[in-house]
Amino acid sequence: MASRRGRIRFNVGGKIFETTATTLANAGRHSMLGALLDDSWNPRQPVEGEAADAEYFIDRNPACFAVLLDLLRTGELHVPPNMPEKLLNREALFYGLLDQVRAARWGPFDGNRLQLVDSVSGRAPGDGTAIRAGPDGGCCVAHGSMVHVYDWMLEEHRPISLDYQQVNDVGYIDAESIVISARERLGKGDGGMGVFSSSTGELRHRFRVSHDNQVKSFTAGALSLGSSDYKIFASCKGRCNEYGIGVWDQITGQQVDFFYEPPGCSLGDADKLQWLDGDKCLMVATLFPRTDNCFIGLLDFRDKSVNWSWSDAGTSVSLSLDEKRVLHAIAIEDSRSICVVNQYDDLGFIDLRSNAGGVRWSSRSKLTNRKAPNEESCYPKLATHNGQLFSSMNDGISVFCGPEWVLTSTLRRSYGGSICDFSIGGDRLFALHSEENVFDVWETPPSLTI
Amino acid sequence: MSAQKKRNFKIEAFKHRVELDPNYAERTWRVLEHAIHEIYNHNASGLSFEELYRNAYNMVLHKYGEKLYSGLVNTMTGHLKEIARSIEAAQGGFFLEELNVKWGDHNKALQMIRDILMYMDRTFVPSNHKTPVHELGLNLWRDNIIHSSKIQTRLLDMLLDLIHRERTGEVINRGLMRNITKMLMDLGSSVYQEDFEKPFLGVSASFYSVESQQLIECCDCGEYLRKAERRLNEEIERVSHYLDVKSEVKITSVVEGEMIANHMQRLVHMENSGLVSMLVDDKYEDLSRMYNLFRRVPDGLSTIKDVMTSHLRETGKQLVSDPEKLKDPVDFVQHLLDEKDKYDKIIRKAFNNDKTFQNALNSSFEYFINLNNRSPEFISLYVDDKLRKGLKGVSEEDVEVVLDKVMMLFRYLQEKDVFEKYYKQHLAKRLLSGKSVSDDTERSMIVKLKTECGYQFTSKLEGMFTDMKTSIDTMQGFYSSQYSEIGDGPTLAVQVLTTGSWPTQPSAPCNLPAEILVICEKFRTFYLGTHTGRRLTWQTNMGTADIKATFGKGQKHELNVSTYQMCILMLYNSTDQLTYREIEQATEIAPSDLKRCLQSLACVKGKNVLRKEPMSKDIAEDDAFYFNDKFMSKFFKVKIGTVAAQKESEPEKQETRQRVEEDRKPQIEAAIVRIMKSRRVLDHNTIVTEVTSQLQSRFLPNPVIIKKRIESLIEREFLERDKADRKLYRYLA
């Protein structure tokens, strides 16, 4: 119990600490320390004088307690170099202070202030499919038929194994649940999509597609998780030409809609889906089509119409070497445009306000073209976050800001091969390299308290 | 430890440690189970939180989370079953008390158990999709206590009984009620709703259904509404004291439905106390209550509004068609204004200034004012009355108030042009006779008409004012230039009126006396000398004169008479007796006017300066008139009015009507031409609608007349019928 002048004494693993009730209040009632000091566990009122000697014994590591107590006092985390992070995290979990530790680790995401904090080597041999950032700072990496899951402490959890089905895309519903879309194997009736637990790797739910009230097996491609209305979108290919975009409810897991592929718009093969909250429609980009042309469109599910579309049909007649080919696309709602990138890492913009506009290319390649001739390169990828545009090329990621998209930062690590995928989430950026199966973790340092 | 030795057998290490102490989990669980027992037995003071927390932590760490969790469920269930037995055993009223005490204990225990098992709550529970400890504790309480067969119905019955007792006037322990309902809410909104709210609403519905049936049989409308309002407030208060806030809407809608919606028609139409009698007796408080209660139910306000509207229309119709009222236009309009005031006040005081009610009021007035086609005339007469004398000594603000009210009635008129006609006549009379109380008031009225109907409406009225002003200047000019030549003759005051601005009746000029003719000629020469190219016509029917007269015993009086009367009286300067025919010959006054003049000179008691043979009320053509030298009056000045109905006589009315109709023709034609000029081709029905909407601010044109005007325009080749479609008209530029 609080002694005179609110001082509290602890004996942690034999070492004495003294602090104040005010400092401990920062731990919150729902922490071990909060409960320890709560009235219900300290029924007797201390008699004056006697209380000074009362101390709380805790059978834990004193060095870690010192670090955590310092965190409660100052709000900053300073870990001595000889203390393993794992150890500190374990102790923080014991005291129920893990959230405070996490909050003190890194600050709000800013593409121009990123620091490389870790590079994690995976077990799989290179050639990752995708990396996705989780909402709490964790991530998952898809390799073939496996998905490796890491929590925010970058501890690897039990991997999710899909019994030799090729994983096409992954996404987080929340920190605890991961959606995986997989390719159907001929004659097996498997594939499709499922929700898996990120901590145990167990299958929680399988998403079904039914056509004419008949459940059919399908191959699920790109995923998009609408944040505002709790929906999941996926490009689907059924066995009997049931191509299109399926929609499920995140909470019930039931199929709520299906957008069948209209002629001239390949939806089932889409490489990128993005839900646009403002327009209440879905951007679909099919950039590596089987037969048709590249296609980017905005789908309105309310009346099943294609609001806006773009295609390279006209330009690909004479596909020469100089021809610029769109390899990835992302919609930027704020500037009412879609940003695309080509094989020379040029950025291009398509105006969403006019329906027949072409790509307005910016000639970045002339300025920054540093492609090594023999290096195996990956297709470039794009992402946006808080008005910043990110574009991967080779082994680096460029950050663009402002209305004119000026290059402001470049994130690069010198080994591991070129970046095959990257993802932003939980105030972190994860970049997956193609050759060494290693991913980099970038975060913004916590802002200094003055 | 021995694990150290076996370190190199990495694969075995995990298994081995478990084997080392097979009773570890069981032993640790015993410690925790004991602690839970102690907590439930209020004996927690001997427990060490740190030790218990550490034990629970270790169990989870060593993968005994499942055992810990299921152990918790079993232990807690055991305790709750015991608690259920002790609650079941409680007698009568102590049942709720016991439930409340045990609920408090359980919550406290749950809090402490949660503290101990905090680590499990954080790690094991989410990753294994279990229910968190706190929620688990509530669920177990719900399943073992609230949903136990011996408690569930008893609890509900007691709660409903207590509420029933409170409704019938008993005092109950509201604090206890609040705790119990709070418990049900804490267990989840579905528990509160299913186990309490639904039955509560059902019981309430039947309670109020019975009560409202009883009340409506024995109470009048006002009293019933008072009781309903009190019940409503009681329920709202009940919710605030011990029910969930969300229940308020539900229970009030039950009361509203049972007590108001179900009896709405009967209440409104209740004999001697329903809405109509409330309106008649200005029962603001009751009306306000009715408004506020009825507002809560669907169609409530429209019910009130409909009844009010039909009542208003009925009484209004009676008012405007009552032959008694029609005799006195001023009184008639005053009644309308009073009626309007009355309802304005009701709407303001009782109906919350509700816009829809105001609209209903306006439409009702518009409906019945226009039922009587003399309304425009009467309203103008009312203004005339007010501006002549009614507003003498009244402050400027009050004058404005009266005028504003008149304007309000004016707005209801559909035939505003008729009003304009009459207003012009009345204004002319006021101006020429100098009877207007105040120029400012007159002008203020004109401004109001102007803002309401626009410049065109009032331009002629304003012209009349200008004429009056220039006339004063002209007269000054006349007298200052000719003062010496005039000498001692009669004084002339001329008002030069612009033709067109004034409502002049073409009257046959009468023969003026020679004295007057002289000065009139002088004025004519003076005026035409300054204003060339104008023509002056004397309007002898509109003038007045002051003449001095000496009677038999030498008494002198000043007589205030009209021009015609002056002409007649001047004849008696030379003789004492004249016959009707002689007067008619000498003056050449039109017979109808002459008769009226003679009537006022000879037949009005106290003002009979002439004597008629034979004595009778009416003037016949062979009557003779004598100078009455026995004339007596207390006053020096005697005003001899003209016997003339203020109200128009039937033929005059017809005439005014006809003139209005004539005036409308060019207006309708102008509107048609304006519309066709911009639209070029239009069908008949559209023209009619457009014309009606354009002219609405002045009058409601009759479609038949519009059709006639169109035909006339076709004749004059402004329009033509389309050759293919006869319904279409084409504009011919």
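User: How much of chain B is buried?
Analyst: Of the 733 residues of chain B, 45% count as buried, where buried means under 20% relative accessible area, exposed means over 50% and partly exposed lies in between, with a 1.4 Å probe and protein chains only. This is a predicted model in which local features need pLDDT of at least 70 and side-chain atom pairs count only at pLDDT 80 or more, while totals for chains, interfaces and linings use all residues. Residues are numbered from 1 along each chain as its sequence is written, chains are lettered from A and ligands numbered from 1 in the order in which they are written, and side-chain values use heavy atoms, with hydrogens and water left out.

User: And what does the secondary structure of chain B come to?
Analyst: Chain B has 33 helices and 9 strands, taken as DSSP runs numbered from the N terminus, with helices (H or I) of at least four residues and strands (E) of at least two.

User: How many helices and strands are there in chain A, then?
Analyst: Chain A has 6 helices and 33 strands, and buried residues make up 50% of its 450 residues.

User: What share of the contacts join residues at least 24 apart in chain A?
Analyst: In chain A the share is 49% of the contacts between residues at least 6 apart in sequence, a contact being heavy atoms within 4.5 Å. For chain B, residues 24 or more positions apart account for 71% of the contacts with a separation of 6 or more.

User: Which residues have the most contacts inside the largest nonpolar core?
Analyst: Those are A:Phe10 and B:Trp141, in a core of 105 residues; a nonpolar core is a set of buried Ala, Val, Leu, Ile, Met, Phe, Trp, Tyr and Cys residues joined through side-chain atoms within 4.5 Å. Helix H6 (residues 94-116) of chain B gives the most to this core, with 9 residues.

User: At what angle do H6(B) and H11 cross?
Analyst: The axes of H6(B) and helix H11 (residues 174-186) of chain B cross at roughly 50 degrees and come within 10 Å, the axes being lines fitted to C-alpha atoms, for helices over the stretch in contact, with angles from 0 to 180 degrees between N-to-C directions. H6(B) is therefore oblique to H11(B), since angles under 35 degrees count as roughly parallel, over 145 as roughly antiparallel, 65 to 115 as roughly perpendicular and the rest as oblique.

User: Which residues make that contact?
Analyst: Among them are B:Leu96, B:Leu99 and B:Trp103 of H6(B), with B:Ile180 and B:Met183 of H11(B).

User: Changing topic, where is A:Asp118?
Analyst: A:Asp118 is in strand E4 (residues 115-121) of chain A, and with a relative accessible area of 34% it is partly exposed. A:Asp118 and A:Asp440 are 322 residues apart in sequence, yet 5.9 Å apart in space, C-alpha to C-alpha. Not counting residues up to four places away in sequence, A:Asp118 touches A:Leu154, A:Phe439, A:Asp440 and A:Val441.

User: And B:Thr441, buried or exposed?
Analyst: B:Thr441 counts as buried, at 13% relative accessibility, and its place is in helix H25 (residues 439-453) of chain B.
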